[in-house]
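Please look over the chain shown below. Keep the sequence and the 3D view side by side while reading.

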Amino acid sequence: ANDANFTLPKDVVVLHDMQRPWHSCEGINDEDKTCRNIWEKIWRAWVYVVTGKGGSTPAGSDVIIGANSSEWFVKVDADTFLFPENLSRYVKSRGWSYDDHHYFGHVLHHRVKDRGVPIVAGAAVFFSRATLVAAADSFQKMSTENGNEEEDGTCRDANTGTEEVVTAVCLKEHSNIIAEPAIDSLGRDEISLFPIDDMIVYNRTDHGEWWFWEGKKRIPCHDAGDCLGDLPLALHGYKDSEFLLYLENEFYGSVMKGQKDDSLAKRNDNKIAAYNWENFDRTYKYFERVRAAMKIAAKEEALGSDISIAKELPAQGKDRLYCMVPFILAPQNMPTYEAICNTWGKRCDTLKFFVDPIVEDDQGNFIDLRRKSGTKMTLPHDVVVVYHIYRPWHICESKKDTTCRNIWEKVWRSWLWIDDNGESDSSEWFAKIDADSYLFPENAKKYVQDNNMSPDEHHYFGHTLRHSEDRNLPPIVAGSAVFFSRATVKGAAAIFREFKHEEHNKSVRKCSDSYTASEETLTALCLKQHLGIHAAHALDD
């Protein structure tokens, strides 16, 4: 070691007491170049983490040791993609304490027959602090006499690759701690043992009862596929490190943020993805669910919500409808606000009124909510202030106007707000509804179901008008009620995100910011030019 001309990263721990290092194998005819003696490395690593014994770090290292360094601990394989923040959400949603015993992950039962215990698959193994302390204590006390022999179902040192088995045996033998499955309220796995684009189509009946399924309680999605939770803890099986970068892009990078990125997969269906995954449509839908769940969870946490995130996430796949109402907050309009809330609005899954930053009080004074004095005003919980509007409703170019018809800026900025705040992931379908319209949310849901419309495909529909074709402009959906799929809202938001404020622009022939009331025309133009989407007429049979 003194002769080694090698600089170690500061986050590396050298386990210098290892008796069976990875580069040498017992059998001279052993074809493996890497010995599967991972158990010794694991138990010595945990002893070091808890006690600081048996290992060393490079000079200047910032590696923190001791059980009190964290509340929760995970052993994670190098080919696993981990979601640390989802672990925090998982334990909080269950009311777990790190001072209690918890040993959890993807639980397998195929070793119960010969070893008497279920095990946590090694892809990602989670421990509470109390459990890790108990585990390290058992590892220090266990026998090391037959360390060169294969494990035998007892808690001892062994030359074995089945570290999951001996970990489970030691915890059961010394502390009566049993593996707990990391599953959501529907029984879906929070840890994938195989690449997602493969596991998403797993079918238990077709597979038969091999070790993966053995002993697991059967639930409907075992045969339907898509049996993975929306706030995953870990995704395993990515030996090629490039896939870890793809996943980073999907859940934390440009795909998650809806940003342009030349590294993204090239597709002809307008779906944004980091990679052309196998079983793409189902994989894409699952990733969309994960992104939605993570955005909602992050938003709740930012608001300081104590609500159980896992339980509060909306059920998936039920054609939820988000109703967006452009509105002017002024005394004369409040009866309409109340009427909507007490009639059709209460049947929307989400109802939001999008208002200018200028509101009118009971004395007819205009209050700018962007100013300090305006922040004292209490707004209803279902009102969203579109703060960045440059052309608020109360200022008109011509004194002949009483209310400026600059609705286009308000509409496109409202859709952008919905996407930027994670709400484009909260529903499958979206409607922009005028305040003088009466909506039938349940009929809108039935319409998309009867027509086999998918929210993950592009749909833009309503009462279609074609008079704009006389000016060589695309057909439009009349603004009284305009319906969009989730995919189309996301696509539109990506377009609007590139807009620059154009103070004097009044054109309706260019997809851009403009001072105009022709929001239907520009919506149709932008969707056609950038996404190839055409207005569809909502008709019965």
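## The chain overall

This is a predicted model. The chain holds 17 helices and 18 strands. Of its 541 residues, 51% count as buried. The accessible surface comes to about 26900 Å², and 49% of that surface belongs to carbon and sulfur atoms.

Contacts reach across the sequence. Take those between residues at least 6 apart: 68% of them join residues at least 24 apart.

## A seven-stranded sheet

In what order do the seven strands of the open sheet lie? The order is S14-S11-S10-S15-S17-S16-S18, and the pairing is mixed. Strand S14 (383-385) and strand S18 (536-537) stand at the edges. Each has a single partner strand, so one side of each is left without a neighbour in the sheet.

Strands of a sheet pair through backbone hydrogen bonds, in either a parallel or an antiparallel sense. Both senses can be followed around strand S16 (residues 460-465). S16 pairs with S18 in the parallel sense over two bridges. There, Phe461 has Ala536 of S18 as its bridge partner. S16 also runs antiparallel to S17, joined by five bridges. Here Gly462 has Val482 of S17 as its bridge partner.

## Strand S17 and its cover

Strand S17 spans residues 476-485. It pairs with S15 in the antiparallel sense over five bridges. Phe430 has Phe484 of S17 as its bridge partner. S17 is mostly covered, with nine of its 10 residues buried.

Helix H17 (residues 519-531) lies across S15, S16 and S17, at about 40° to S17.

## Helix H16, enclosed

How many of the 11 residues of H16 are buried? The count is 10, so H16 is largely enclosed by the rest of the structure. The buried set is Arg486, Ala487, Thr488, Val489, Lys490, Gly491, Ala492, Ala493, Ile495 and Phe496. Note that Arg486 and Lys490 are on this list.

What covers these residues includes helices H11, H14 (407-420) and H17. Strands S15 and S17 are also part of the cover.

## Helix H4

Helix H4 (residues 129-141) has 13 residues. From its first C-alpha to its last it reaches 19 Å, close to the 18 Å expected at 1.5 Å a residue. The buried residues in H4 are Arg129, Ala130, Thr131, Leu132, Ala134, Ala135, Ala136, Ser138 and Phe139.

Helices and strands both contribute to the cover. It includes helix H1 (38-51) and helix H5 (163-175). It also includes strand S1 (72-76), strand S3 (103-105) and strand S6 (124-128).

The largest nonpolar core has 75 residues. Which of them touch the most other members? They are Trp39, Tyr103, Phe104 and Phe139. Helix H11 (residues 280-302) gives the largest share of this core, seven residues.

A second, separate core has 36 residues. Among them are Tyr322, Val477, Val482 and Phe484. Two of these names come from the sheet: Val482 is the bridge partner of Gly462, and Phe484 is the bridge partner of Phe430.

Is Arg111 buried or exposed? Its relative accessibility is 15%, so Arg111 counts as buried, the cut-off being under 20%. Arg111 is found in the loop between strand S4 (107-108) and helix H3 (112-115). Neighbours within four places in sequence aside, Arg111 contacts Gly116, Val117, Ile119, Glu151, Thr162 and Val165. Val165 is 54 residues away along the chain, yet the two C-alpha atoms are separated by 7.6 Å.

Arg282 sits in helix H11. With a relative accessible area of 35%, Arg282 is partly exposed. Residues up to four places away not counted, Arg282 touches Ile200, Val201, Ala224, Gly225 and Asp226. Arg282 and Val201 are 81 residues apart in sequence, and their C-alpha atoms are 8.0 Å apart in space.

Key: Residues numbered from 1 in each chain as written. Predicted model: local features only at pLDDT ≥ 70, side-chain atom pairs only at ≥ 80, totals over all residues. Heavy atoms only, no water. Pairing = 2+ DSSP bridges. Helix = DSSP H or I, 4+ residues; strand = E, 2+ residues; numbered from the N terminus. Contact = heavy atoms within 4.5 Å. Axes fitted to C-alpha atoms, helices over the stretch in contact; angles between N-to-C directions. Expected span 1.5 Å × (residues − 1). Buried < 20%, exposed > 50% of the residue type's maximum accessible area, 1.4 Å probe, protein only. Areas by Shrake-Rupley, 256 points an atom, 1.4 Å probe, with all protein chains shown as cover. Core = buried A, V, L, I, M, F, W, Y, C linked by side-chain atoms within 4.5 Å.
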